[in-house]
Amino acid sequence: MPPLAGAELVKTPVHLYRYLLRCCRLLPTAGMQHHYRHAIRQGYNSHMDEDDPERIQMIIQRALTDADWILEKYTKKT
């Protein structure tokens with residue numbers, strides 16, 4: 001189950017970036033939100049030069065799975 005509606009619409013790196021930043025708003029504390037926003041920016045910047053469409057889709061799928069896991073982890077605790 002994706003953390004936010006619209007995960008199936010994420011097709012490009014920019015869509016992924018915006019989607020993940022919206023997911024950060026669901027985290028319980030400001031510190032967590034800041035940490036994960038920073039990690040999202042770093043990940044986006046480190047993969048900015050990626051040009052293989054297959055690799056980009058793998059990165060998108062992995063990021064969506066990770067976002068789901070992180071949000072599930074923190075919503076279970078609170």
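Student: What radius of gyration does the chain have, and what would a compact globule have with 78 residues?
Tutor: In this predicted model, the chain has a radius of gyration of 12 Å. A compact globule with 78 residues would have a value near 12 Å, so the two agree.

Student: And what does the C-alpha trace span along its principal axes?
Tutor: The C-alpha trace of the chain spans about 40 × 25 × 15 Å along those axes.

Student: How many helices and strands are there in the chain?
Tutor: The chain has 3 helices and 0 strands. Read from the N terminus, the order of the elements is α-α-α.

Student: Which share of the contacts with a separation of 6 or more comes from residues 24 or more positions apart?
Tutor: Such residues account for 53% of those contacts in the chain.

Student: What about burial: what percentage of the residues is buried?
Tutor: Of the 78 residues in the chain, 26% are buried.

Student: And how much accessible surface does the chain have?
Tutor: The accessible surface comes to about 5700 Å². Carbon and sulfur atoms contribute 57% of that surface.

Student: Switching to charges, how many positive and negative side chains are there?
Tutor: The chain carries 11 positive and 9 negative side chains. The centres of these two sets lie 12 Å apart.

Student: How many disulfides does a search of the whole structure find?
Tutor: The search finds 0 disulfides. Cys 23 is in no disulfide, and the nearest cysteine sulfur, that of Cys 24, is 7.3 Å away. Cys 24 is likewise in no disulfide, with the sulfur of Cys 23 as its nearest cysteine sulfur at 7.3 Å.

Student: Why does that distance rule out a pair?
Tutor: A disulfide is counted when two cysteine sulfur atoms lie within 2.5 Å.

Student: Is Cys 23 buried or exposed? And Cys 24, buried or exposed?
Tutor: Cys 23 is buried, as its relative accessible area is 4%. Cys 24 is buried too, with a relative accessible area of 4%. Both values are under the 20% limit for buried residues.

Student: One more residue: where is Leu 9?
Tutor: Leu 9 is in the segment before helix H1, which covers residues 13-24.

Student: Is Leu 9 buried or exposed?
Tutor: Leu 9 is exposed, because its relative accessible area of 61% is over the 50% limit.

Student: And how far is Leu 9 from Gly 43, in sequence and in space?
Tutor: Leu 9 and Gly 43 are 34 residues apart in sequence. In space, their C-alpha atoms are 20 Å apart.

How values were computed
Residues numbered from 1 in each chain as written. Predicted model: local features only at pLDDT ≥ 70, side-chain atom pairs only at ≥ 80, totals over all residues. Heavy atoms only, no water. Helix = DSSP H or I, 4+ residues; strand = E, 2+ residues; numbered from the N terminus. Rg over C-alpha atoms; globule rule 2.2 N^0.38 Å. Buried < 20%, exposed > 50% of the residue type's maximum accessible area, 1.4 Å probe, protein only. Contact = heavy atoms within 4.5 Å. Areas by Shrake-Rupley, 256 points an atom, 1.4 Å probe, with all protein chains shown as cover. Lys, Arg positive; Asp, Glu negative; His and termini not counted. Charge placed at Lys NZ, Arg CZ, Asp CG, Glu CD.
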